[in-house]
Structure formats: C-alpha cells, structure tokens
Amino acid sequence: MPAELSAVNAGFSYGGTPVLRNVTISVPAGGQIGLTGPSGSGKTTLARILAGLLPAGEGTVTCNGQPVQRPWKQKGHGCGIAMLFQSPRASCSPRLTLRQIIAEGAGRTSRGGRARRVEQLAAQVQLTPDLLDRYPSEVSDGQLQRACLARSLAAEPGYLICDEATAMLDAATTASLVRVISSEVESRGMGVLALSHDRPLLEAWCTSVTSLAALSAASGER
Amino acid sequence: MSSTVEAADLRLTGPAVRRRGLRAAGTILGVAVLVLIASYAVFVPMLAGTDEKLTDFSSARLPPSAAHPFGTDHAGRDLFIRLASGLRVSLLIAVLCALASMGLGMLIGAVSAALGGRTDRIVMRVVDGINAVPHLLLGVVIVAMFRGSVTAIIASIALTHWTQVARIVRAEVLSLRSREYVEAAYLLGSTRREVLRRHFLPGTLAQGVVATVMLLPHAIWHESTLSFLGLGLSPDQASLGTLLKEAQSEVMLGGWWALVFPALLLLVTTLAVAACGKGLLSRTEGRQ
C-alpha cells in the first residue's frame with residue numbers, strides 16, 4: 001500500500017462550471033510538494049478535495065491506499081489529513097482562547113497530557129505562554145497562524161495541506177512557520193502539500209514544485 | 001486632508017444618532033420598568049404581612065384608596081397584594097416556558113442542522129406542522145387534558161413555541177457549518193457531538209437567548225389567555241389571567257379597578273420585556 005495522499009484524474013465543477021479537470025497529484029509521506037498557480041485557478045478546490053471537505057466530481061482521491069472520506073463521516077482522525085487555511089481568523093473560533101484552539105488538535109488524551117502537549121507545541125511554534133490565554137481578537141494574524149499550525153501538529157497528521165497559509169504573514173513569520181513544518185517532516189515523515197502563488201517561496205521550501213496547469217496538462221497527455 | 005474626509009464619512013449622521021439614542025433610551029427604560037415590576041412581584045407579597053387569599057367581606061369592592069391602592073375585589077381581598085402575587089406566578093410560568101422552549105428549540109435546531117440531510121428535512125416538516133396549527137388551539141388541547149396543572153400550562157406553551165427558537169438556531173448552525181474553524185475541527189478528528197458542544201451551541205447561544213427573551217411577553221399572554229378561558233390555574237390561585245377573568249363580573253358591578261390594574265400591568269410588563277428583547281437583539285446584530 002503506497003504511503004501517499006493522491007488524487008487521480010480529479011475534477012470538480014461549481015454549478016456546471018468546471019474548475020478542475022483531470023488533475024493527478026501525489027504527495028508522498030515525508031515529501032514536501034509545492035503547487036503553484038494564479039488566483040482562481042482551483043488550488044483551494046484541489047486542497048479541499050484532497051482533505052475530503054469537497055467530494056471529487058470525477059476521479060479518485062486516496063490516502064495511503066484508502067479512499068478519502070468526508071471528515072464528519074469518518075471515525076477518529078481517518079488517515080490523518082490536516083489543513084492550514086489561508087485566513088487564521090476564519091479558521092479559529094472567536095470564542096476559544098489560543099490554548100483551547102491548540103488543545104482541539106490534541107484529541108482525547110488526559111487533561112494533564114493535553115495541557116503539556118499544548119505548552120510543548122506552543123514553544124515549538126514560538127508562542128509565548130502569556131499569549132495562550134488570549135482570544136483570537138487579541139493577537140496578530142501571525143501569532144494566530146502559529147496557533148493554527150500548533151493545532152494541526154497536535155493531531156500528528158500524516159499529511160498537512162497548507163492552502164496559501166503564509167499569504168497574510170510577514171517574511172519572518174513565514175520563515176519561522178516553514179522551519180517548524182520542515183522539522184516535523186524530518187522527524188515524523190509527514191507529507192506536505194504547500195499551495196501558493198509565490199513560486200520563489202515554494203522553491204525555497206519544497207523538494208519539488210509544480211503548477212496546477214502542468215498537472216492538468218500531464219494528465220491530459222496520459 | 002483625505003483622512004479627515006474618510007473619518008467624517010464614517011461618523012454617524014444626525015438621524016442615525018437619534019435612532020440609536022432612542023433605541024438605547026427604550027432599552028434602559030424597559031430594563032428599569034422590568035426591575036420595578038419584578039421588585040413589586042417579589043417584595044410586596046413578602047412585606048404585606050397578610051395572606052393574599054384572606055377574604056374580608058366587610059371591605060368588599062372598595063375603590064382605590066390609600067389603604068388599598070388598587071382597591072379590593074368581591075371577597076374583600078386587597079388587589080395591590082393579590083396582583084403582585086398573580087404577577088409573580090405569571091412571570092414565573094413565562095420564564096419557565098421561555099427556558100423550556102429555549103432548551104428544546106436550541107437542541108433540536110442545532111442537532112437538525114448539524115446532522116443535515118434526511119433528519120433535517122423531517123425535523124423541519126415537523127416544525128412546519130406545529131406552526132401550521134394555531135398555537136392557542138394546540139395549547140388549549142394540552143391544558144384541557146391536565147386541567148389546573150402548572151406543569152401542563154408550561155408544557156402547552158413550551159411545546160408550541162420551541163419551533164421559533166429551533167428555526168433561528170438551525171439557520172445560525174447552517175451558517176456556522178461552513179466556517180473554516182468547524183471544518184478544521186472535523187479534520188482534526190472531532191465528532192459531530194464534539195463540534196455541536198464546542199462550536200454550534202456556544203455559537204448560537206446569543207441568538208437563542210434573544211429569541212427566548214422575545215418569547216417572554218408571548219408566554220405571559222398565553223398563560224393569561226389560558227387562565228382567562230378557565231383552562232389555566234384554578235380561580236383561587238392568582239395570576240394575571242385569573243384576575244382578568246374575575247374582573248369580568250366585577251366590571252359589570254362597577255368595579256372598574258379590578259380590570260384596569262391587571263390589564264395595565266399585563267400591558268406594561270409585555271412592553272418592558274419586548275423593549276429589553278429589542279435592545280438585546282440590536283446589540284447582537286451590531287456585534288455580528
């Protein structure tokens with residue numbers, strides 16, 4: 001069984017308008033794949049299909065050989081796909097503190113174990129302890145995105161999809177997040193799919209970079 | 001220069017400021033009146049020193065005076081004290097009804113929207129079915145089966161009014177369901193129950209509370225109507241409804257005060273609660 005997150009000939013249409021056609025992509029465990037493309041080209045749609053948040057209209061999506069299910073229908077964490085969204089504000093509940101947000105990823109461990117894990121992850125993403133009891137409205141976008149990354153890593157995902165996750169951040173925060181993700185790839189063999197329209201960033205971050213147009217064209221030729 | 005112009009554009013203009021000021025004044029007035037009414041209902045029976053059910057036929061049908069500010073009824077009972085006891089019962093029943101409606105409505109609305117699909121469609125058709133029948137008619141049927149029972153009155157109002165809360169909460173959960181933080185929670189392995197508890201119910205609480213407060217005056221009127229029809233509390237048990245029912249015969253004998261004071265209190269209580277509800281609603285909408 002291949003240890004990879006893959007979509008084969010995936011396609012999707014919004015109300016009859018095709019957004020994706022014949023896209024084939026594979027993210028191996030321990031690999032960091034960069035996917036670039038202009039805004040509106042379907043990168044986010046592909047990311048959501050790979051995560052199971054959207055059903056693939058055509059083709060198949062598998063994770064470690066098993067079909068990817070809708071997250072609310074699967075038991076537990078499934079094959080372990082986490083997603084880092086573009087807007088940290090939209091991806092965090094305004095009613096939870098950063099500590100609670102990170103703990104959400106830690107699952108059903110004991111309260112003490114969860115607290116220790118939250119503090120360890122907060123240190124890993126360079127969030128100081130005084131920030132953990134603040135609400136999203138009381139921290140910056142960069143600090144909130146660090147908390148989102150900590151939340152994703154708390155679940156120890158097999159694959160992490162970063163959908164324009166650094167688009168709203170400054171260069172220093174971007175570099176810091178990329179470092180944390182890369183170290184997680186090295187230590188745990190997590191697979192990463194990084195989507196961005198910033199090709200130089202992806203080239204500095206990922207082991208291989210491709211464009212959505214190239215993926216569609218390659219599938220068409222096959 | 002341009003920043004001055006932008007700042008001026010953002011400032012509220014005259015009519016908007018006046019509207020906001022009037023709304024705030026209405027809410028403050030509503031809260032003040034409600035506090036006054038609640039104090040009257042709680043403290044007057046406690047401090048009166050006499051039983052509101054105590055009859056004294058020598059002082060029957062006395063008009064309002066310094067000794068009896070709201071007059072007395074046909075049995076010589078002081079209406080100032082009796083009305084306070086009746087108001088206390090009516091308010092208590094209304095609050096319990098509103099809370100029961102909120103509990104039922106929030107749970108059913110949130111679960112229905114969270115599960116979606118066939119469950120949601122069935123629940124919504126049940127809601128439509130309940131709404132299609134006049135609430136009073138349904139309430140009368142329920143109360144008639146358990147006559148004079150406070151529980152039956154509460155059940156009859158709660159079982160016919162949870163649908164309004166459920167509709168509001170369901171709409172709110174449907175909008176929350178597609179938020180990225182809810183999708184992130186599912187991706188991290190949260191179950192539907194966990195998402196319901198952690199995101200949906202807290203996220204809809206403000207709307208649910210506002211819907212409940214707006215339901216309060218309606219519940220007061222329902223209780224009064226059922227008691228007025230003779231289906232609610234027993235006649236010896238004071239409530240706004242039973243007092244209004246008694247006032248029917250008093251008015252025919254010239255005892256106008258037996259009708260005016262309970263009716264006025266019912267009206268003022270309803271308007272005060274409605275003003276508070278509107279204030280709460282505008283605050284919630286403003287925050288969103």
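A salt bridge is a side-chain nitrogen of Lys or Arg within 4 Å of a carboxyl oxygen of Asp or Glu. By that rule, the interface of chain B and chain A holds 2 salt bridges. Keep in mind that you are looking at a predicted model.

**Where chains A and B meet**
- In one salt bridge, the side chains of B:Arg198 and A:Glu104 come together at 3.3 Å, N to O.
- Chain B brings 17 residues to the contact, and chain A brings 24 residues.
- The size of an interface is often given as the accessible area lost when the parts come together.
- For chain B and chain A, the buried area is about 1900 Å², with 58% of it from carbon and sulfur atoms.

**Helix α5 of chain B**
- This helix covers residues 135-145, and its buried residues are B:His135, B:Gly139, B:Ile142 and B:Val143.
- Because these residues cover an arc of only 95° around the axis, they lie on the same side of α5(B).
- Their packing partners in chain B are α4 (117-132), α6 (150-177) and α8 (192-228).
- Turn to the face pointing away from that buried side, and you will find the exposed residues B:Leu137 and B:Met145.

**Helix α8 of chain B**
- If α8(B) were a straight helix of 37 residues, it would span 54 Å at 1.5 Å a residue, yet its end C-alpha atoms span only 45 Å.
- Look at B:Leu205 to find a bend of about 45° in α8(B).
- After α8(B) comes B:Gly230, which has a positive phi, near 85°.

Definitions and conventions:
Residues numbered from 1 in each chain as written. Chains lettered and ligands numbered in written order. Predicted model: local features only at pLDDT ≥ 70, side-chain atom pairs only at ≥ 80, totals over all residues. Heavy atoms only, no water. Buried < 20%, exposed > 50% of the residue type's maximum accessible area, 1.4 Å probe, protein only. Helix = DSSP H or I, 4+ residues; strand = E, 2+ residues; numbered from the N terminus. Arc of directions from axis to C-beta. Contact = heavy atoms within 4.5 Å. Expected span 1.5 Å × (residues − 1). Bend = angle between axes of the 7 residues up to and from the residue. Buried area = accessible area lost by both parts, 1.4 Å probe.
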